[in-house]
Amino acid sequence: MEGKVGRPAIEARDIWLSYDGNRPVLKGVSLRVERGQVFMVLGPSGSGKTTFLKVVKGLLSPQRGSLSVLGADLSRNGSWKRCPGQRIAHIPQNLGLVRSLSVMDNVLTGALGRTATLPSLFKAFPHPYRMRAREFLETMGIGHKAEEKVYRLSGGERQRVAIARALMQEPELILADEFVAQLDPLRTLEIMDIVREIASRGVAFLITSHEPELVAQYGDRAVFLREGQKVHECPAREVSLDMVKELMA
Amino acid sequence: MRKLISRLPYILVGLAALLAMGNIGLLDPGRLARGAANTAVFASSLFPPNTGVIAILAGAMAETLQMALVGTVIGFILALPLALVGTRTLFSPWITSPVRLLLGLVRTIPSLLWALVFVVALGLGPAAGSLGIAFYTFGYLGKLYYEAFEGVDREVLEAVKGVGGNRLQLMRFALLPEGANAWVSWGQEASASTCWATSRCSSTRA
């Protein structure tokens with residue numbers, strides 16, 4: 001399941017970051033994610049997984065290192081530039097959905113960056129965007145819930161809405177932070193099948209996870225972080241519970 | 001002895017309360033008896049009710065409710081946008097601090113004083129009372145609203161920012177819908193409490 005080779009989606013070298021200037025949370029993390037690759041990040045809580053995702057998304061600026069995302073060098077001339085934001089979709093751990101809006105409105109927010117402000121405030125999104133949002137919802141198997149409020153949905157359905165919203169951005173890279181952690185095993189497999197299908201179209205994924213079986217089954221490559229350091233990188237299929245125990249001990 | 005010391009604060013508070021009651025006359029049996037008799041006279045004078053004033057009372061009550069409605073609606077309309085501008089998760093302190101200061105100043109002045117200010121501007125009448133209520137409502141709803149907006153989950157804000165949403169879109173697609181419960185329920189609360197405030201400001205009708 002190795003991703004196709006080409007210009008990398010992410011190329012991070014020696015990334016150092018500290019929130020308070022003293023204790024680094026990331027200590028020289030380097031990795032390369034190819035386009036169309038499902039790249040898994042493993043590590044215990046507090047190992048820097050979420051922080052690294054936020055660095056790639058451009059929400060945090062590291063103190064040292066170099067980072068290239070979708071061909072844009074973010075660390076040029078020593079100062080950090082903004083990410084090509086709209087081409088990077090971020091699915092946070094709690095999904096970041098607006099619970100009191102409908103499923104359709106949540107998915108359409110994925111097109112906010114490409115919609116004029118005034119019409120968007122009245123939810124007057126262009127017709128092609130509405131068509132596309134409906135297509136994504138159909139693909140996710142929740143087309144019939146388009147007008148339902150998000151707070152009425154189950155965990156698995158919400159996950160699908162978050163993925164549909166991410167796809168609405170027409171991203172080349174999707175960052176997902178333990179986004180299947182709260183799902184039952186069956187729903188998790190369904191969602192990960194969708195992830196693989198999207199990746200086969202050339203979209204790269206950087207996913208944090210605690211589950212070695214999931215990583216081995218659905219990932220292309222895996223990296224292990226511990227206390228902000230990269231301790232191991234390997235093809236994802238080699239990841240096992242024993243390996244996790246050994247590296248995380 | 002230790003028990004007595006631990007209970008000393010309660011004993012002292014109890015004694016102070018008794019002393020205060022004595023000073024204001026609540027322990028004077030003669031006075032209390034006269035009070036009970038006066039209350040009985042007052043209660044008996046309520047019967048039979050004077051139906052001749054019902055029409056006047058109904059008119060005054062309708063006007064009071066109209067003043068409360070107008071005051072609440074104007075206060076709400078003023079408070080909502082200003083509270084959004086006072087939200088620290090959306091704007092820098094350079095913008096939010098003056099807005100919060102303004103809301104704080106408006107809030108410190110009671111509705112009755114605002115009504116007096118508007119009596120000077122508009123003359124006696126329900127309009128002055130309504131505006132007095134509107135300004136007070138604006139001050140306290142504004143504070144409740146920006147606090148509610150700041151309580152909106154950061155992940156939701158980051159998600160809308162992350163898709164390229166600007167500040168107006170953040171208000172429309174994150175703060176207003178996620179804070180809806182708070183701003184609707186506080187609005188209802190305001191309309192209820194302004195009915196009470198209106199009864200005080202009704203003096204501007206005179």
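Two strands are said to pair if DSSP finds at least two bridges between them. Strands themselves (E, at least two residues) and helices (H or I, at least four) are DSSP runs, numbered from the N terminus. This is a predicted model, in which local features need pLDDT of at least 70 and side-chain atom pairs count only at pLDDT 80 or more, while totals for chains, interfaces and linings use all residues. Residues are numbered from 1 along each chain as its sequence is written, and chains are lettered from A and ligands numbered from 1 in the order in which they are written.

Chain A contains eight helices and 10 strands. Four of its strands form an open sheet in the order β2-β1-β4-β5, with antiparallel pairing, and the edge strands, each of which pairs on one side only, are β2 (24-33) and β5 (72-73) of chain A. Within this sheet, strand β1 (residues 10-18) of chain A runs antiparallel to strand β4 (residues 64-69) of chain A and is joined to it by five bridges; Arg13(A) has Ser66(A) in β4(A) as its bridge partner.

| Property of chain A | Value |
|---|---|
| Span of the C-alpha trace along its principal axes | about 45 × 45 × 35 Å |
| Radius of gyration | 18 Å |

The radius of gyration, taken over C-alpha atoms, is set against a globule rule of 2.2 Å times the number of residues to the power 0.38; because a compact globule with 249 residues would have a value near 18 Å, the 18 Å of chain A agrees. Buried residues, meaning those with 20 or more other C-beta atoms (placed from the backbone) within 10 Å of their own, make up 47% of the 249 residues in chain A. Two residues are in contact if their C-beta atoms, placed from the backbone, lie within 7 Å, and of the contacts in chain A with a separation of 6 or more, 69% come from residues 24 or more positions apart.

The contact between the chains takes 19 residues from chain A and 18 residues from chain B. On the side of chain A that touches chain B, the largest share, three residues, comes from helix α3 (residues 117-121) of chain A.

In chain B, helix α7 (residues 154-162) has buried residues that include Val156(B), Leu157(B) and Val160(B). The buried residues of α7(B) pack against α1 (49-57) and β6 (88-91) of chain A, together with α8 (167-178) of chain B. Just after α7(B), Gly164(B) takes a positive phi of about 100°.

Definitions and conventions
A residue is buried if 20 or more other C-beta atoms lie within 10 Å of its own, exposed if 12 or fewer, and partly exposed in between; C-beta atoms are placed from the backbone.
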